[in-house]
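Please look at the structure before reading the points.

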Amino acid sequence: MYRLGIDVGGTNTDAVIMQGRNVLSGVKASTTEDVTSGVREAMEAAISRAGVDRSKISTVMIGTTHFTNAVIERRHVNPVAAIRLGLPATACLPPMVDWPGDLREAVGGHGYLVRGGYEFDGRELAALDLEEIDRIAEDINAKRIGAVAITSVFGPINAHMEEEARKRLLLKCPDIPVVLSSEIGRIGLLERESAAIMNASLLQLSTRTVEAFAGALKSAGLHCPFFITQNDGTLMGAETVKRFPVLTFASGPTNSMRGAAFLTGVRDGIVVDIGGTTTDIGSLQHGFPRQAATVVDIGGVRTNFRMPDVFSIGLGGGSLVRETGDGITVGPQSVGYRITREARVFGGDTLTTTDIAVARGEAKVGDPARVAGLDPALLEAARAEMTSMLERAIERTRLSPDPVPVIAVGGGSILMPEQIGDLKVIRPENFAVANAVGAAIAQISGEVDRIFSLEKGLTREICLKQAEDEAREKAIRSGAVADTIETIEREDVPLAYLPGNATRIHVKVVGEMGGHDA
């Protein structure tokens, strides 16, 4: 049986066919405006090159930047009713208070405050005002708002009020999709609320996108289940993606990092993924991307769901190289997917970083004769600037002065020198399609992040075990094979500012896919 991995980037759509640990074929196709035709082209080329019977492809894994781009570009987002259960405690900071004005306007700016919420240990802050929920339901119907996000103070500790509010709301708005913050974000009210609102605004787009992917696979004669990769490098079933599109926001760089770890066998190191427009740099820990410890900014909005700690710079294979009065500048502007028409080695008249690499003999693409006459001083200066940009970014990502391997992947990694400072650069086989490899090998995860009260005979070890069992159960429900599950993150932080000997415990497990699709 075979696996098909696809990664849809801003410049290229990559596809690989894998059997076990072997990459049978890897291809790149240009990302198209409608996305699905680019997916079909890459998929057909990968199947053809591998020479496999498509009826024996058992699963398809897809990574996509669709939903991130929608938020960043303020397109395809829909109005949302943001209901917060927190009065009287949270009145001074209404929903979306710190959002950029244009994005708040795009999602309608409909915020509602209701009595309710919990203390950190699950005790009631105030009783839920169900009559106010009824009034809000009438307002939603009058304004024809298409989705709802419900957030309770300390919802991840006790989700009962969020569930009760949803149940009451659906009595008067029976067909409206409702997002509960406790199912998406971590502890931290404003960031979790923002994640829930953002998720609700993307529900229509996620349904269209998932159905478009399903249609592309069906038209290619593939009738196997397909999954979409999420921010932490693991998989979600198609129906789950329809409900939680925000969990795919960082799947592109995550797939590249997981693919780099798989292709090299390196579990701890730095991954540099150079695409057509940008370079993403992140650290591997135990074969997975290191997760961001703080809030993550998406399109100007602070959120706190699972995201890798990735640093991006404006350097790619299509980045413009220009001479100015101050010397040579590289990027951040790029020709992107137009590189095969506009770069000099492909017959265009725009000088790009790819032209520099070809002229210096560091890459073999296009027609080298078209850049043979470039000034050697220009080549040296451009090479020095590219190396300097990469060195600064990698040093920013390093956690210690100890030498660690640097893995270069992505189609633009021809720009990477063999050595960066004191660090050796590894460029694995199939480096150009590492992101699609990362999608194809993705696993199923389960995660718990909540506050435990170490009282009444409960010890730290007992609480950690409870959290681990809960995370394992989540992974199994999502389709992981129980025997393959391993714990990859396990931490607890005592919270001195809360009563009751409170401690925050975070546990994450991963396992091989093989159960049912959640």
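The model is predicted. In it, three strands form an open sheet in the order E22-E24-E23, and their pairing is antiparallel.

**Sheet layout**
- Strand E22 covers residues 444-453 and strand E23 covers residues 486-494; both stand at the edges of the sheet.
- Each of these two strands has a single partner strand, so one side of E22 and one side of E23 lack a neighbour in the sheet.
- On average, neighbouring strands are turned by 10 degrees against each other, with direction ignored.

**Pairing of E22 with E24**
- E22 and E24 are joined by 10 bridges in the antiparallel sense.
- In this sheet, Ile451 stands opposite Arg504 of E24.

**Pairing of E23 with E24**
- Strand E24, residues 502-511, pairs with E23 over eight bridges, again in the antiparallel sense.
- Thr487 has Val509 in E24 as its bridge partner.
- Glu491 stands opposite His506 of E24.

**Helix on the sheet**
- Helix H14, residues 460-477, packs on the sheet and touches E22, E23 and E24.
- The direction of H14 makes about 150 degrees with that of E22.

**Burial of E24**
- Strand E24 is mostly covered, with nine of its 10 residues buried.
- E24 stands between E22 and E23 in the strand order, and H14 touches E24 as well.

Terms used: Residues numbered from 1 in each chain as written. Predicted model: local features only at pLDDT ≥ 70, side-chain atom pairs only at ≥ 80, totals over all residues. Heavy atoms only, no water. Pairing = 2+ DSSP bridges. Helix = DSSP H or I, 4+ residues; strand = E, 2+ residues; numbered from the N terminus. Axes fitted to C-alpha atoms, helices over the stretch in contact; angles between N-to-C directions. Contact = heavy atoms within 4.5 Å. Buried < 20%, exposed > 50% of the residue type's maximum accessible area, 1.4 Å probe, protein only.
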